[in-house]
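Work through the following exercises with the model open beside you, and compare each solution with what you see.

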Amino acid sequence: MVNAIEALGLKAHPMPGAQRTGIGITGNSGEVDAVSLELLPGVAEAIKVSRPYKLVSREVKPDRTIIQIGNAIVGGGELAIMAGPCSVETPEQTMAVAEVVNACGVKFFRGGAYKPRTSPYAFQGLGMPALKIMTEVRERFGMAIVTEAIDQESLELVERYADVIQIGARNMQNFSLLRSAGQTRKPVLLKRGMSATLEELLMAAEYIMAEGNYQVILCERGVRTFADHTRNTLDLSIIPAVQRLSHLPIIVDPSHGTGRREKVIPMARAGIAVGADGIMVEVHCQPERALSDGPQALLPDMFKQMVEQLREIHKVVTKIPALTAKP
Ligand code: PEP
Ligand code: MN
(Lines give C-alpha, C1' and ligand atoms only; values in the text may rest on other atoms or scores of the structure.)
(Ligands and ions follow the chains in the order given, each with its own letter.)
Protein backbone atom coordinates (compact mmCIF):
# COMPACT_ATOMS: atom_id res chain seq x y z
CA MET A 1 0.00 0.00 0.00
CA VAL A 2 2.84 2.37 0.87
CA ASN A 3 4.34 1.81 -2.59
CA ALA A 4 1.00 2.37 -4.26
CA ILE A 5 0.48 5.62 -2.33
CA GLU A 6 3.98 6.83 -3.07
CA ALA A 7 3.53 6.01 -6.76
CA LEU A 8 0.77 8.62 -6.72
CA GLY A 9 3.30 11.19 -5.49
CA LEU A 10 1.85 11.17 -1.98
CA LYS A 11 3.37 10.48 1.42
CA ALA A 12 2.28 7.35 3.32
CA HIS A 13 2.33 7.14 7.12
CA PRO A 14 1.66 3.56 8.28
CA MET A 15 0.41 3.44 11.86
CA PRO A 16 -0.20 -0.10 13.08
CA GLY A 17 -2.99 -0.69 15.59
CA ALA A 18 -4.31 -3.78 17.35
CA GLN A 19 -7.06 -4.57 14.81
CA ARG A 20 -5.82 -2.88 11.65
CA THR A 21 -3.07 -0.74 10.25
CA GLY A 22 -4.07 2.79 9.42
CA ILE A 23 -2.07 4.49 6.70
CA GLY A 24 -2.30 8.27 6.83
CA ILE A 25 -1.88 10.02 3.51
CA THR A 26 -0.44 13.52 3.30
CA GLY A 27 1.12 15.61 0.57
CA ASN A 28 -2.01 15.88 -1.57
CA SER A 29 -2.98 19.29 -2.88
CA GLY A 30 -6.52 18.34 -3.81
CA GLU A 31 -8.84 15.47 -2.99
CA VAL A 32 -7.42 11.93 -3.13
CA ASP A 33 -9.55 9.48 -5.08
CA ALA A 34 -10.83 7.25 -2.29
CA VAL A 35 -12.60 4.79 -4.57
CA SER A 36 -9.46 3.79 -6.49
CA LEU A 37 -7.60 3.27 -3.19
CA GLU A 38 -10.39 1.08 -1.86
CA LEU A 39 -10.04 -1.17 -4.89
CA LEU A 40 -6.49 -2.10 -3.92
CA PRO A 41 -6.04 -5.48 -2.19
CA GLY A 42 -5.90 -5.34 1.62
CA VAL A 43 -7.76 -2.05 1.92
CA ALA A 44 -10.79 -2.23 4.21
CA GLU A 45 -11.87 1.37 3.68
CA ALA A 46 -10.56 4.78 2.70
CA ILE A 47 -11.61 7.44 5.18
CA LYS A 48 -11.56 11.15 4.51
CA VAL A 49 -10.22 12.72 7.70
CA SER A 50 -12.49 15.60 8.56
CA ARG A 51 -10.18 17.32 11.05
CA PRO A 52 -7.42 19.76 10.11
CA TYR A 53 -4.93 17.53 11.93
CA LYS A 54 -4.71 14.14 10.28
CA LEU A 55 -2.02 11.81 11.64
CA VAL A 56 -2.71 12.98 15.18
CA SER A 57 -6.38 12.13 14.93
CA ARG A 58 -8.26 9.07 16.05
CA GLU A 59 -9.81 8.86 12.61
CA VAL A 60 -6.47 7.64 11.23
CA LYS A 61 -5.56 5.58 14.29
CA PRO A 62 -8.32 4.64 16.71
CA ASP A 63 -6.00 2.74 19.11
CA ARG A 64 -4.10 4.77 21.69
CA THR A 65 -0.41 5.20 20.91
CA ILE A 66 2.04 3.49 23.23
CA ILE A 67 5.62 4.73 23.21
CA GLN A 68 8.39 2.46 24.38
CA ILE A 69 11.54 4.19 25.60
CA GLY A 70 14.14 1.73 26.90
CA ASN A 71 12.36 -0.26 29.60
CA ALA A 72 9.75 2.46 30.12
CA ILE A 73 6.42 2.99 28.45
CA VAL A 74 4.33 6.10 27.94
CA GLY A 75 0.64 5.43 27.29
CA GLY A 76 -1.05 2.08 27.35
CA GLY A 77 -1.96 2.00 31.00
CA GLU A 78 1.50 2.45 32.54
CA LEU A 79 2.03 5.45 34.82
CA ALA A 80 4.94 7.48 33.41
CA ILE A 81 6.77 9.72 35.85
CA MET A 82 9.41 12.15 34.63
CA ALA A 83 11.25 14.04 37.34
CA GLY A 84 14.39 16.03 37.96
CA PRO A 85 15.63 19.56 38.40
CA CYS A 86 14.47 22.45 36.25
CA SER A 87 18.11 23.08 35.34
CA VAL A 88 21.15 20.86 35.49
CA GLU A 89 23.43 23.07 37.59
CA THR A 90 26.34 20.95 38.79
CA PRO A 91 27.19 17.23 38.68
CA GLU A 92 26.63 17.03 42.47
CA GLN A 93 23.22 18.73 42.40
CA THR A 94 22.10 16.58 39.48
CA MET A 95 23.32 13.27 40.94
CA ALA A 96 21.68 14.06 44.29
CA VAL A 97 18.30 14.60 42.61
CA ALA A 98 18.81 11.59 40.34
CA GLU A 99 19.39 9.39 43.37
CA VAL A 100 16.11 10.53 44.94
CA VAL A 101 14.16 10.07 41.72
CA ASN A 102 15.69 6.67 40.96
CA ALA A 103 15.08 5.39 44.50
CA CYS A 104 11.35 5.84 43.85
CA GLY A 105 11.51 3.53 40.84
CA VAL A 106 10.97 6.38 38.41
CA LYS A 107 12.10 5.64 34.86
CA PHE A 108 12.54 9.11 33.37
CA PHE A 109 14.99 11.76 34.51
CA ARG A 110 14.32 15.31 33.32
CA GLY A 111 16.80 18.17 33.47
CA GLY A 112 17.28 21.38 31.56
CA ALA A 113 20.53 21.90 29.65
CA TYR A 114 19.20 24.68 27.42
CA LYS A 115 16.77 26.98 29.22
CA PRO A 116 14.37 29.34 27.48
CA ARG A 117 14.38 32.23 29.98
CA THR A 118 12.30 35.39 30.02
CA SER A 119 15.39 37.45 30.86
CA PRO A 120 18.58 37.31 28.80
CA TYR A 121 20.46 37.88 32.06
CA ALA A 122 18.97 34.84 33.81
CA PHE A 123 20.76 31.46 33.90
CA GLN A 124 20.54 30.04 30.39
CA GLY A 125 21.56 26.46 31.21
CA LEU A 126 24.95 24.78 31.11
CA GLY A 127 24.45 23.48 27.58
CA MET A 128 26.76 20.70 26.51
CA PRO A 129 28.24 19.99 29.98
CA ALA A 130 24.68 19.41 31.22
CA LEU A 131 24.06 16.86 28.49
CA LYS A 132 27.22 15.05 29.58
CA ILE A 133 26.08 15.06 33.21
CA MET A 134 22.74 13.57 32.20
CA THR A 135 24.51 10.90 30.19
CA GLU A 136 26.23 9.94 33.44
CA VAL A 137 22.84 9.80 35.16
CA ARG A 138 21.64 7.35 32.50
CA GLU A 139 24.79 5.26 32.84
CA ARG A 140 24.60 5.13 36.62
CA PHE A 141 20.87 4.64 37.10
CA GLY A 142 19.52 3.46 33.75
CA MET A 143 16.86 6.17 33.65
CA ALA A 144 15.81 7.60 30.28
CA ILE A 145 16.84 11.24 29.81
CA VAL A 146 14.37 13.97 28.90
CA THR A 147 15.72 17.41 28.02
CA GLU A 148 14.67 20.44 26.06
CA ALA A 149 15.91 21.59 22.66
CA ILE A 150 15.39 25.32 22.15
CA ASP A 151 16.73 25.72 18.63
CA GLN A 152 18.25 23.89 15.71
CA GLU A 153 21.71 23.78 17.23
CA SER A 154 20.61 22.35 20.57
CA LEU A 155 18.23 19.94 18.83
CA GLU A 156 21.14 18.19 17.13
CA LEU A 157 22.90 17.71 20.46
CA VAL A 158 19.76 16.77 22.40
CA GLU A 159 18.88 14.20 19.74
CA ARG A 160 22.31 12.66 20.17
CA TYR A 161 22.47 12.66 23.98
CA ALA A 162 18.88 12.37 25.23
CA ASP A 163 16.18 9.70 24.99
CA VAL A 164 13.26 12.13 24.73
CA ILE A 165 13.42 15.55 23.06
CA GLN A 166 11.39 18.15 24.92
CA ILE A 167 9.91 21.06 22.96
CA GLY A 168 8.95 23.75 25.45
CA ALA A 169 5.83 25.87 25.72
CA ARG A 170 7.54 28.88 24.16
CA ASN A 171 8.49 26.85 21.11
CA MET A 172 5.20 25.03 20.56
CA GLN A 173 4.66 27.01 17.38
CA ASN A 174 8.26 27.21 16.24
CA PHE A 175 7.35 25.39 13.07
CA SER A 176 10.86 24.90 11.72
CA LEU A 177 11.93 23.40 15.06
CA LEU A 178 8.86 21.13 15.05
CA ARG A 179 9.71 19.97 11.52
CA SER A 180 13.31 19.26 12.52
CA ALA A 181 12.15 17.33 15.59
CA GLY A 182 9.91 15.38 13.23
CA GLN A 183 12.95 14.40 11.20
CA THR A 184 14.62 12.82 14.23
CA ARG A 185 13.66 9.34 15.35
CA LYS A 186 13.60 10.11 19.08
CA PRO A 187 10.31 10.53 20.94
CA VAL A 188 9.25 14.15 21.32
CA LEU A 189 7.62 15.61 24.44
CA LEU A 190 5.59 18.53 23.14
CA LYS A 191 4.45 21.04 25.75
CA ARG A 192 1.34 23.13 25.23
CA GLY A 193 2.03 26.79 24.52
CA MET A 194 0.88 29.08 27.28
CA SER A 195 -1.88 30.53 25.12
CA ALA A 196 -2.44 27.61 22.77
CA THR A 197 -5.85 26.15 22.05
CA LEU A 198 -6.40 22.41 21.84
CA GLU A 199 -6.43 22.62 18.07
CA GLU A 200 -3.17 24.57 17.97
CA LEU A 201 -1.54 21.96 20.21
CA LEU A 202 -2.69 19.13 17.96
CA MET A 203 -1.59 21.01 14.83
CA ALA A 204 1.86 21.44 16.39
CA ALA A 205 2.00 17.66 16.98
CA GLU A 206 0.91 17.19 13.36
CA TYR A 207 4.00 19.12 12.20
CA ILE A 208 6.19 16.55 13.95
CA MET A 209 4.23 13.56 12.70
CA ALA A 210 4.01 14.86 9.14
CA GLU A 211 7.80 14.46 8.98
CA GLY A 212 7.48 10.78 9.89
CA ASN A 213 8.13 10.86 13.64
CA TYR A 214 5.03 9.33 15.22
CA GLN A 215 6.40 9.18 18.76
CA VAL A 216 4.85 12.30 20.22
CA ILE A 217 3.89 12.77 23.87
CA LEU A 218 1.73 15.81 24.62
CA CYS A 219 2.08 17.74 27.86
CA GLU A 220 -0.32 20.12 29.61
CA ARG A 221 1.72 22.65 31.60
CA GLY A 222 -0.80 25.37 32.30
CA VAL A 223 -1.99 28.35 30.33
CA ARG A 224 -2.02 32.02 31.14
CA THR A 225 -5.23 33.41 32.59
CA PHE A 226 -6.19 36.33 34.85
CA ALA A 227 -5.76 34.09 37.90
CA ASP A 228 -2.75 35.22 39.89
CA HIS A 229 -2.75 32.72 42.75
CA THR A 230 -0.74 30.36 40.56
CA ARG A 231 1.99 30.89 37.94
CA ASN A 232 -0.27 29.41 35.25
CA THR A 233 -3.70 27.82 35.25
CA LEU A 234 -3.35 24.06 34.85
CA ASP A 235 -6.05 23.15 32.37
CA LEU A 236 -6.79 19.54 33.24
CA SER A 237 -9.91 19.59 31.11
CA ILE A 238 -7.67 19.31 28.06
CA ILE A 239 -6.83 15.69 29.00
CA PRO A 240 -10.21 14.14 28.15
CA ALA A 241 -10.54 16.59 25.25
CA VAL A 242 -7.25 15.42 23.73
CA GLN A 243 -8.07 11.76 24.36
CA ARG A 244 -11.33 12.11 22.48
CA LEU A 245 -9.68 13.55 19.39
CA SER A 246 -6.22 12.02 19.39
CA HIS A 247 -4.50 8.70 19.99
CA LEU A 248 -1.37 10.39 21.38
CA PRO A 249 -0.44 10.00 25.06
CA ILE A 250 -0.65 13.10 27.24
CA ILE A 251 1.05 13.88 30.53
CA VAL A 252 0.64 16.73 33.03
CA ASP A 253 3.28 19.12 34.38
CA PRO A 254 1.92 20.54 37.65
CA SER A 255 5.25 22.25 38.43
CA HIS A 256 5.02 24.88 35.71
CA GLY A 257 1.24 24.54 35.90
CA THR A 258 1.14 25.98 39.42
CA GLY A 259 4.58 27.47 40.07
CA ARG A 260 4.20 26.82 43.81
CA ARG A 261 5.59 23.77 45.58
CA GLU A 262 2.59 23.27 47.86
CA LYS A 263 0.17 23.09 44.94
CA VAL A 264 2.14 20.61 42.86
CA ILE A 265 1.10 17.37 44.61
CA PRO A 266 -2.67 18.03 44.69
CA MET A 267 -2.62 18.93 41.01
CA ALA A 268 -0.46 15.92 40.13
CA ARG A 269 -3.01 13.70 41.88
CA ALA A 270 -5.81 15.38 39.94
CA GLY A 271 -3.92 14.90 36.68
CA ILE A 272 -3.71 11.16 37.16
CA ALA A 273 -7.32 11.01 38.37
CA VAL A 274 -8.48 12.73 35.21
CA GLY A 275 -6.73 10.09 33.08
CA ALA A 276 -3.33 11.52 32.10
CA ASP A 277 -0.68 8.98 31.10
CA GLY A 278 1.89 10.47 33.43
CA ILE A 279 3.37 13.41 35.27
CA MET A 280 6.41 15.60 34.83
CA VAL A 281 7.65 17.38 37.96
CA GLU A 282 10.65 19.38 39.09
CA VAL A 283 12.64 18.21 42.12
CA HIS A 284 15.56 19.86 43.92
CA CYS A 285 17.42 19.00 47.14
CA GLN A 286 18.11 22.68 47.90
CA PRO A 287 15.41 24.60 46.07
CA GLU A 288 16.33 27.88 47.80
CA ARG A 289 19.63 27.70 45.92
CA ALA A 290 18.21 26.58 42.57
CA LEU A 291 19.27 28.61 39.53
CA SER A 292 15.78 28.36 38.05
CA ASP A 293 12.24 27.56 39.25
CA GLY A 294 13.18 26.95 42.90
CA PRO A 295 9.75 27.92 44.30
CA GLN A 296 8.02 25.10 42.40
CA ALA A 297 10.60 22.37 43.03
CA LEU A 298 9.47 19.49 45.24
CA LEU A 299 11.74 18.49 48.10
CA PRO A 300 12.89 14.84 48.11
CA ASP A 301 10.42 13.76 50.83
CA MET A 302 7.53 15.43 49.11
CA PHE A 303 8.49 13.73 45.84
CA LYS A 304 8.59 10.30 47.48
CA GLN A 305 5.15 10.82 48.97
CA MET A 306 3.76 12.07 45.70
CA VAL A 307 4.99 9.02 43.78
CA GLU A 308 3.38 6.66 46.32
CA GLN A 309 0.11 8.55 46.16
CA LEU A 310 0.09 8.70 42.37
CA ARG A 311 0.62 4.94 42.14
CA GLU A 312 -2.38 4.36 44.43
CA ILE A 313 -4.58 6.70 42.44
CA HIS A 314 -3.40 5.23 39.15
CA LYS A 315 -4.30 1.72 40.33
CA VAL A 316 -7.84 2.84 41.09
CA VAL A 317 -8.19 4.81 37.86
CA THR A 318 -7.12 1.87 35.69
CA LYS A 319 -9.60 -0.41 37.50
CA ILE A 320 -12.56 1.79 36.65
CA PRO A 321 -14.17 0.51 33.45
CA ALA A 322 -14.22 2.95 30.53
CA LEU A 323 -17.42 4.91 30.07
CA THR A 324 -19.70 3.13 27.70
CA ALA A 325 -22.56 5.62 27.72
CA LYS A 326 -22.11 8.06 24.84
CA PRO A 327 -21.92 11.67 26.00
C1 PEP B 1 10.73 23.25 31.70
O2 PEP B 1 10.19 22.14 31.58
O3 PEP B 1 11.69 23.47 32.47
C4 PEP B 1 10.15 24.41 30.96
C5 PEP B 1 10.88 25.45 30.63
O6 PEP B 1 8.84 24.24 30.73
P7 PEP B 1 7.79 25.11 29.86
O8 PEP B 1 8.28 25.07 28.45
O9 PEP B 1 6.50 24.39 30.06
O10 PEP B 1 7.75 26.50 30.43
MN1 MN C 1 11.36 24.82 34.96
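**Exercise 1: a strand pair and its barrel**

Phe108 stands opposite Ala144 in strand 7. In this predicted model, local features need pLDDT of at least 70, side-chain atom pairs count only at pLDDT 80 or more, and totals for chains, interfaces and linings use all residues. Residues are numbered from 1 along each chain as its sequence is written, chains are lettered from A and ligands numbered from 1 in the order in which they are written, and side-chain values use heavy atoms, with hydrogens and water left out.

Task: find in which sense strand 6 and strand 7 pair, parallel or antiparallel.

Solution. Strands are DSSP runs of E with at least two residues, helices runs of H or I with at least four, both numbered from the N terminus, and two strands pair if DSSP finds at least two bridges between them. Strand 6 (residues 108-110) and strand 7 (residues 144-148) are joined by 3 bridges in the parallel sense. Next, 8 strands close into a barrel in the order 5-6-7-8-9-10-11-12, with parallel pairing.

**Exercise 2: the manganese site**

Task: name the protein donors of the manganese ion (ligand 2).

Solution. Donors are N, O and S atoms within 2.8 Å of the metal (3.2 Å for Na, K and Ca), and sites may look incomplete because water is not among the atoms. Cys86 (SG), His256 (NE2), Glu282 (OE) and Asp293 (OD) lie 2.0 to 2.4 Å from the manganese ion. Glu282 lies in strand 12 (residues 278-282) and Asp293 in the loop between strand 12 and helix 11 (300-319), so the pair ties together parts that are 11 residues apart in sequence. Buried means under 20% relative accessible area, exposed over 50% and partly exposed in between (1.4 Å probe, protein chains only); Glu282, at 1%, counts as buried, and Asp293, at 18%, also counts as buried.
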